[in-house]
Amino acid sequence: MNILNLNLPEIDNKIPCDPQVKVFNLYGKHVVFDTNSMCAVEVSPTVATKFKEKKHEFSGILNSKSKPEFKLYGTTAVRKLVISLTHKCNLACSYCFASKEDVKKCLTLEDVVKAVRLFAPKADYDVSFFGGEPLIEWELLKQSIEYIKSKAKYENRGCKFHITTNGVLLDKEKINYIQANKISLLISLDGPKHLHDKTRIKHDGTGSFNDVIKSLQLLKSMGRRSITVRATFSETPSHLVERLEFFYNLRKRGLISAAAIEPAVISEGCGMGGHYNLKVLNKEFHDAAKWYVEKFNSDEHFPYVFFDKLLGRV
């Protein structure tokens with residue numbers, strides 16, 4: 001079954017990204033995998049051959065609303081696990097799948113136990129908690145962590161934890177627990193107030209910017225020094241440089257340590273995707289690159305995750 005048939009001649013060849021596309025045959029299906037976007041799509045045999053023989057015109061980032069129909073997992077045991085504790089969320093972000101999800105959907109501790117059993121023998125437990133908003137299921141999150149810690153100690157394994165959160169529900173109790181268990185945090189913050197509150201809204205329609213900033217201030221006051229924020233944009237112009245300047249100033253105030261700014265794409269759980277003018281985005285990324293280089297050359301390097309990862313590949 002051909003899930004996606006790439007119309008290669010219509011693809012803009014000026015997308016600001018060197019293509020890193022690999023072709024695989026998995027379970028009898030032809031799959032194109034883009035290492036830049038981490039997106040995999042099933043293609044027709046004809047398109048797969050074009051990619052293998054490099055007779056294509058694709059020069060950008062691959063994304064798709066379609067998903068390959070593979071088994072849940074293959075013969076390779078799990079070494080990193082992302083657990084979506086719940087689809088409940090206290091926000092209704094315009095680009096997020098959870099804004100339209102059934103609020104009753106959530107896991108149980110039994111589900112978590114089954115998931116942890118997928119880890120490779122003797123591998124350290126590396127677990128991330130996601131949602132929805134995982135802090136809504138705070139008791140389940142703590143129970144899950146305590147179970148994994150006990151299991152790791154009994155089996156003489158290491159363990160580490162990560163939470164992706166919108167930050168609104170953070171309080172002293174939660175932060176104390178996060179600090180005590182050395183849990184890494186990724187907090188969603190889309191940039192300045194006028195950009196953040198346009199998309200990251202509560203169910204009553206009000207913005208969440210002030211709540212997130214209060215949480216960052218509380219984290220700082222309680223000694224938290226390593227905080228990465230993630231901004232998501234779903235249209236162009238994306239205001240990349242404006243967002244970078246905002247995050248740069250937050251870092252100078254000691255409220256964050258690094259930032260990621262990424263497009264809303266289906267493959268990362270943004271159920272509504274985005275609408276982009278690639279020529280506009282091309283210019284914005286080049287302007288952001290100039291901004292990044294200027295900061296770097298003036299000894300004011302700002303950890304912008306996207307560019308830092310690209311430099312790490314060099």
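This is a predicted model: local features need pLDDT of at least 70, side-chain atom pairs count only at pLDDT 80 or more; totals for chains, interfaces and linings use all residues.

Guide: Residues are numbered from 1 along each chain as its sequence is written, and side-chain values use heavy atoms, with hydrogens and water left out.

Visitor: Why is Cys-89 in no disulfide?

Guide: A disulfide is a pair of cysteine sulfur atoms within 2.5 Å. The count here is 0 disulfides. For Cys-89, the nearest cysteine sulfur belongs to Cys-93 and is 6.0 Å away.

Visitor: What makes Cys-89 buried?

Guide: Buried means under 20% relative accessible area, exposed means over 50%, and partly exposed is in between (1.4 Å probe, protein chains only). Cys-89 has 18%, so it is buried. Cys-106 has 35%, so it is partly exposed.

Visitor: How do you know that Lys-114 and Glu-110 form a salt bridge?

Guide: A salt bridge needs a side-chain nitrogen of Lys or Arg within 4 Å of a carboxyl oxygen of Asp or Glu. For Lys-114 and Glu-110 the N to O distance is 3.6 Å. The pair therefore qualifies. In general, side chains of opposite charge can pair when their charged atoms come close.

Visitor: Where do Lys-114 and Glu-110 lie?

Guide: Both are in helix 2 (residues 109-116), 4 residues apart, which is about one helical turn. Helices (H or I, at least four residues) and strands (E, at least two) are DSSP runs, numbered from the N terminus. Lys-114 is partly exposed at 45%, and Glu-110 is exposed at 53%.

Visitor: How many salt bridges are there in the whole structure?

Guide: The search finds 15. One of them joins Lys-149 to Glu-146, with the closest N and O atoms 3.3 Å apart. These two residues are 3 places apart in helix 3 (residues 138-154). Glu-300 and Lys-295 also meet, at 3.9 Å. Of that pair, Glu-300 is partly exposed at 35%, while Lys-295 is buried at 14%. Salt bridges also link Lys-80, Asp-126 and Lys-160 in a network.

Visitor: Why are strand 4 and strand 9 said to stand at the edges?

Guide: The open sheet has 6 strands in the order 4-5-6-7-8-9, with parallel pairing. Strand 4 (81-84) and strand 9 (258-263) each have a single partner strand, so one side of each lacks a neighbour in the sheet. Neighbouring strands are turned by 20° against each other on average, direction ignored. (Axes are lines fitted to C-alpha atoms, for helices over the stretch in contact, and angles run from 0 to 180 degrees between N-to-C directions.)

Visitor: What makes strand 8 and strand 9 a pair?

Guide: Two strands pair if DSSP finds at least two bridges between them. Strand 8 (residues 228-233) and strand 9 share 6 bridges, so they pass. Within strand 9, Ala-260 is the bridge partner of Arg-230.

Visitor: Which residues touch the most other members of the largest nonpolar core?

Guide: A nonpolar core is a set of buried Ala, Val, Leu, Ile, Met, Phe, Trp, Tyr and Cys residues joined through side-chain atoms within 4.5 Å. The largest core has 61 residues, and Phe-129, Leu-189, Leu-216, Phe-247, Ile-256, Phe-302 and Tyr-304 touch the most other members. Apart from it lies another core of 7 residues, including Val-32 and Phe-51.
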